[in-house]
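Hi,

Here is the structure I promised to pass on. My notes on it follow below.

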Amino acid sequence: MRAAERELMARLPEGALMQRAAAGLAAACAELMGRVYGRRVVLLVGSGDNGGDALYAGARLARRGAGVTAVLLSPERTHPGGLAALRRAGGRALATRQKEDAAAVERAIRSADLVVDGIVGIGGKGGLRPDAAPLAELAEASRAAVVAVDLPSGVEADTGEVRGAAIRADLTVTFGTHKPGLLIDPAREYAGSVRLVDIGLSLPDEAEAEALQHADVAALLPVPGAESDKYRRGVVGIAAGSSRYPGAAVLAVAGALRGGAGAVRYVGPAGDAVIARFPETLVSDQGPKRAGRVQAWVVGPGAGDDAQSVAEVLAQDVPVLVDADGLRLADRDLVRARKAPTLMTPHAGEAAALLGVSRGSVEAARLHSVRELAERYGATVLLKGSTTLVASPGGGPVRVNATGTSWLATAGSGDVLSGLAGSLLAAGLSALDAGSVAAYLHGLAGRFAADGAPMGAHDVSESIRSAWRDVMS
Ligand SMILES: NC(=O)C1=CN([C@@H]2O[C@H](COP(=O)(O)OP(=O)(O)OC[C@H]3O[C@@H](n4cnc5c(N)ncnc54)[C@H](O)[C@@H]3O)[C@@H](O)[C@H]2O)[C@@H](O)CC1
Ligand SMILES: Nc1ncnc2c1ncn2[C@@H]1O[C@H](COP(=O)(O)OP(=O)(O)O)[C@@H](O)[C@H]1O
Ligand SMILES: [K+]
């Protein structure tokens, strides 16, 4: 953002970029309020350009008849042009540090229709400072809609971490491009809905994070052609389930059958349960080594303590997906030494165990955790949860999946995901593409299956085909 802004600012008249941002911001605020005339708007204004955006947008709303009050956190360092514009348009300013203003600030926020958060944008580090934190509380308690400028103040733009108090917005109007903090939890939760305003920046090719869209996924999905047969489409091997958890095997196969491989080979003690539900499955109880050729393996869902199968799968020179119990049983040096791709799919608890940290610290720093695991294991890692992230070893953009729903937090839905991703691996997708395409379809399938009501993991597997069609249409 900084580099792109510098480059563009050098070519534009002074202040032009901020005017573009303010125009987009004011339009979004007006749309949210429905009518501007007579509305009460409070601007929370920090000392940087983020506050400048808020002030110029406030001036535009004041010119259309809104009553606009700016609350200045550092009056002496407020954006001078923005403040002058607001005053010219008839807005007033209060200062948080002025004792006589304190009650007026509180009153203004309590009775506002709209609060615009211009405390801090991409220049921020750490949670809100002590003088700003009470404003976030007042805004949250007020009945006003809260619009954040560029980012909810107090969240980390680059990582999605939240290290202290932060603004909770209903809408975030962001400029130029999405920042990782708008896509990755926990910060994402603070942003509300996000609207992107194009201010004409040319962005660098490689981003820190990227989110696939329908068209990207459609271009990656394997579709059979005239030359296809079941072997050419790829065979996926599923080494999963145990006498204790036969259902995990059934669910992983259910996901795999909807993922584009030409055949699914199941290896393990739950063959009868699998065949009863899916007669098209090729079943063996001889272990992965003697199971016959596959183009990719899935190992681990419901596997209990079957370390032998995990080792046999990791020894094969085809792409391997390791999930659930397999993650605990996989030897790190064996994984690192593999030449074919490895895709690991932990949830936060499993990732925490692999990293030797608490679950909470993985959830608080998802981007860091997924990159760290990918480096330690020399493997592609898909970290599940409210935002699913996929990272390759050796860097590059981390894929963020935006399609999920919290209804997916149901037992066994991870097994469906691993079967689906394994099937895409067998069909020839790279580990990064297989993981992120599977997360995309799985999230969408979860939405279709839930449709606002609780569901089971098998419902998710049955909706994968609808998700696929939706992506292709
Ligand atoms: N550079 C540009 O051309 C453009 C910048 N824009 C805006 O400018 C913003 C960046 O502006 P700045 O670089 O001036 O930085 P910010 O306005 O984001 O923040 C800098 C100020 O916030 C204070 N601050 C830092 N951390 C804080 C915290 N945790 N709690 C409270 N205050 C804190 C600092 O003391 C500093 O003065 C963007 O987010 C965007 O809103 C837009 O106007 C578009 C154009
Ligand atoms: N709060 C949430 N929001 C969105 N998706 C979620 C949430 N919680 C879990 N999920 C998704 O649900 C699936 C659960 O997988 P997992 O934890 O492995 O469950 P299981 O082991 O029971 O199959 C993952 O795809 C995960 O990303
Ligand atoms: K902000």
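Let me start with Thr387, which touches Leu183, Ile184, Asp185, Arg188, Arg366, Val400 and Asn401, leaving out residues up to four places away in sequence. "Touches" here means that two C-beta atoms, placed from the backbone, lie within 7 Å.

Before going further, some housekeeping. This is a predicted model, where local features need pLDDT of at least 70 and side-chain atom pairs count only at pLDDT 80 or more, while totals for chains, interfaces and linings use all residues. Residues are numbered from 1 along each chain as its sequence is written, and chains are lettered from A and ligands numbered from 1 in the order in which they are written.

Back to Thr387: it sits in the loop between E15 and E16, and is buried, with 23 other C-beta atoms within 10 Å. (Buried is 20 or more other C-beta atoms within 10 Å of a residue's own, exposed is 12 or fewer, and partly exposed is in between. Helices are DSSP runs of H or I with at least four residues, strands are E runs of at least two, and both are numbered from the N terminus.)

Gly385 is in the loop between strand E15 (380–383) and strand E16 (388–391) too. Gly385 is partly exposed, with 19 other C-beta atoms within 10 Å, and touches His347, Ala348 and Glu363, again not counting residues up to four places away in sequence.

Why look there? The unreviewed UniProt entry annotates Lys384, Gly385, Ser386, Thr387, Thr388 and Gly414 as "binding site"; such annotations may be inferred rather than shown by experiment. They span 31 residues in sequence, but no two of their C-alpha atoms are more than 13.8 Å apart, so they gather at one spot.

Now ligand 1. Of the 28 residues around it, Gly48, Asp49, Asn50, Gly121 and Gly123 come nearest (around means a C-beta atom, placed from the backbone, within 6 Å). Helices H1 (2–9), H2 (16–33) and H3 (49–63) each give two or more residues to that shell, and H3 gives the most, with four.

Lastly, the largest nonpolar core has 159 residues, and Leu43, Val116, Ile238 and Val253 have the most contacts inside it. A nonpolar core is a set of buried Ala, Val, Leu, Ile, Met, Phe, Trp, Tyr and Cys residues joined through C-beta atoms within 7 Å. Helix H19 (residues 431–450) gives this core its largest share, 11 residues.

Cheers
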